[in-house]
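Here is a walk through one protein chain, taken a few residues at a time. Keep the sequence and the 3D view open while reading.

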Amino acid sequence: MPAPSSPAVVCIPARNEAERLPRLLRALAAQEGFSAAAPLKVVIVSNNCTDGTVEAVRALESSGALDTLALRLIEATFAPSEAHVGTARRRALDAGAEWLESEGAPDGVLLTTDADARLVPGWVAANLRALENAEIVGGRLVIDDEDGAEPALAAFHARVERYWSGVRALEDALDPPPHDPAPRHGDHTGGSLALRASLYRAVGGLPALPRGEDNALVAAVQRAGGRLRHCPDVSVLVSARTAGRAEGGMATEMLRRARVVREGEAYRLPVAAHWQRIILRRAALRRAYREGAAPAALHALGLDADDLAAIDPAACPNDIAFVERAHARLDARDGPAPECGLDEALGALENLAAALGRDQAA
């Protein structure tokens with residue numbers, strides 16, 4: 001494999017991952033295009049670990065199994081109020097940016113994933129390719145049922161995925177994003193993100209939030225006009241465990257789904273009409289911006305004088321930035337989306353997408 005076109009650093013927050021982090025490091029050591037002579041840079045932030053995570057990493061490093069990695073392990077002890085994934089991921093990404101800058105590569109690539117993830121050998125290379133036509137890349141999350149999911153739970157996972165695929169199909173029918181063409185997935189979480197260090201610095205870095213820090217970074221990039229790509233070539237296996245390390249993270253969702261299947265707990269999602277309204281509104285905002293962002297047209301879409309002062313359409317570098325800034329203002333006033341059960345929501349989405357397809361074919 002040829003050497004990567006851009007210098008890159010993989011940035012990992014870890015909290016008590018002595019068992020799973022070594023597996024991730026072996027996968028990073030096997031990434032295509034790297035060697036002992038040209039190693040892949042990796043930063044790990046050990047976040048208040050008490051289970052031997054640091055010792056496990058040092059032992060693996062001493063064994064010679066990580067010779068294709070240039071590894072920096074930061075042992076951090078955060079105050080209880082800050083000992084969460086947002087603080088640790090930001091510390092890792094900041095350290096990665098500093099590493100690239102110190103080597104004269106401020107436009108090098110920062111990648112982040114989770115300590116319990118499993119990666120294919122081409123993960124880094126696929127991210128770098130996708131960044132050639134985007135400013136930030138999200139990887140698809142594939143549930144990693146290592147011990148085999150029970151059939152009912154696996155079927156439920158598949159139905160949830162069909163729902164979100166239906167939302168994307170609706171977007172493709174009403175307002176397809178040219179920079180993120182189908183087929184695409186819909187994930188952009190800390191399990192797999194990539195962007196250039198210079199852009200990371202320009203948007204102020206990752207917000208150190210206890211949850212949702214990954215989506216907040218993506219939103220900041222989009223508000224700055226960055227193209228978000230959900231490349232189908234980029235994916236990561238994420239743990240199906242129900243006892244996780246991050247509050248409100250993937251484990252919380254896995255536990256919720258298990259309760260739905262085993263105990264009959266309700267699982268509700270936004271109705272199809274909600275997504276149709278949001279997509280059409282975003283399309284109208286994009287059209288208004290491209291047509292000159294006349295105040296009267298923007299007022300008709302629900303933006304008042306305070307909104308326009310905060311958004312400053314003239315300062316938006318492109319329609320992506322304008323739509324994201326405007327939508328955030330409008331969305332904050334919308335209130336909770338109406339919801340219904342998964343099967344009802346899924347059926348309505350698929351029927352609506354089919355009807356739109358028939359209309360377009362007519």
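**Charges, rings and a helix**

R286 and D319 form a salt bridge, with their closest N and O atoms 3.6 Å apart. R286 belongs to helix 9 (residues 272-290) and D319 to helix 12 (residues 319-334), so this pair ties together parts that lie 33 residues apart in sequence. The model is a predicted one, and every distance quoted here comes from its atoms. Is R286 buried or exposed? Buried means under 20% relative accessible area. R286 has a relative accessible area of 15%, so it is buried. D319, with a relative accessible area of 13%, is buried as well.

Salt bridges can also share partners. E171, D172, D180, R184 and R229 are joined in this way into one network. One link in it can be looked at on its own: R229 forms a salt bridge with D180, and the closest N and O atoms of the two are 2.7 Å apart. This pair links distant parts of the chain, since R229 is in strand 8 (residues 228-229) while D180 is in the loop between helix 5 (151-174) and strand 7 (193-196), 49 residues apart. Both R229 and D180 are buried. The count of salt bridges in the model comes to 26.

A salt bridge can also lie within one helix. E253 and R256 form one, with their closest N and O atoms 3.6 Å apart. Both residues lie in helix 8 (residues 250-263), three residues apart, which is about one turn of the helix. R256 has a relative accessible area of 24%, so it is partly exposed. The cut-off of 20% falls between these two values.

R256 lies over the face of Y267, at 3.9 Å from the ring centre.

How many aromatic pairs does the model hold? The count comes to four aromatic pairs. One of them brings back Y267: the ring centres of F156 and Y267 are 5.0 Å apart and the ring planes stand at 90 degrees, so the pair is edge-to-face. The cut-off used in this step is that planes over 60 degrees apart count as edge-to-face. F156 is in helix 5 and Y267 is in the loop between helix 8 and strand 10 (268-270), so to speak two distant parts of the chain, 111 residues apart, that the pair links. F156 counts as buried at 5% relative accessibility, and Y267 counts as buried at 7%.

Another pair involves two tryptophans. The rings of W164 and W275 have centres 5.7 Å apart and planes at 70 degrees, so this pair is edge-to-face too. W164 lies in helix 5 and W275 in helix 9, so the pair ties together parts that are 111 residues apart in sequence. W164 is partly exposed, with a relative accessible area of 33%, whereas W275 is buried, with a relative accessible area of 18%. Together with Y163, these two residues, W164 and W275, form one aromatic cluster.

Helix 3 (residues 85-102) has 18 residues, and at 1.5 Å a residue it should span 26 Å. The C-alpha atoms at its ends are 25 Å apart, which agrees with that expectation. Helix 3 is followed by G104, whose phi is positive, near 75 degrees.

The last stop is S6, in the segment before strand 1 (8-14). S6 has a relative accessibility of 15%, so it counts as buried. Which residues does S6 touch, leaving aside those up to four places away in sequence? They are V109, L128 and R196. With R196 there is also a polar contact of 3.4 Å, which joins the side chains of S6 and R196.

Notes:
Residues are numbered from 1 along each chain as its sequence is written. This is a predicted model: local features need pLDDT of at least 70, side-chain atom pairs count only at pLDDT 80 or more; totals for chains, interfaces and linings use all residues. Side-chain values use heavy atoms; hydrogens and water are left out. Helices (H or I, at least four residues) and strands (E, at least two) are DSSP runs, numbered from the N terminus. Buried means under 20% relative accessible area, exposed over 50%, partly exposed in between (1.4 Å probe, protein chains only). A polar contact is a pair of N or O atoms within 3.5 Å; within protein, one must be able to donate a hydrogen and the other to accept it, and residues adjacent in sequence count only if both atoms are side-chain atoms. Contact means heavy atoms within 4.5 Å. A salt bridge is a side-chain nitrogen of Lys or Arg within 4 Å of a carboxyl oxygen of Asp or Glu. Rings of Phe, Tyr and Trp (its six-membered ring) pair if their centres lie within 6.5 Å; planes under 30 degrees apart count as stacked, over 60 as edge-to-face and the rest as tilted. A charge sits over a ring if NZ of Lys or CZ of Arg is within 6 Å of the ring centre and within 35 degrees of the ring normal. The expected span of a helix is 1.5 Å times one less than its number of residues.
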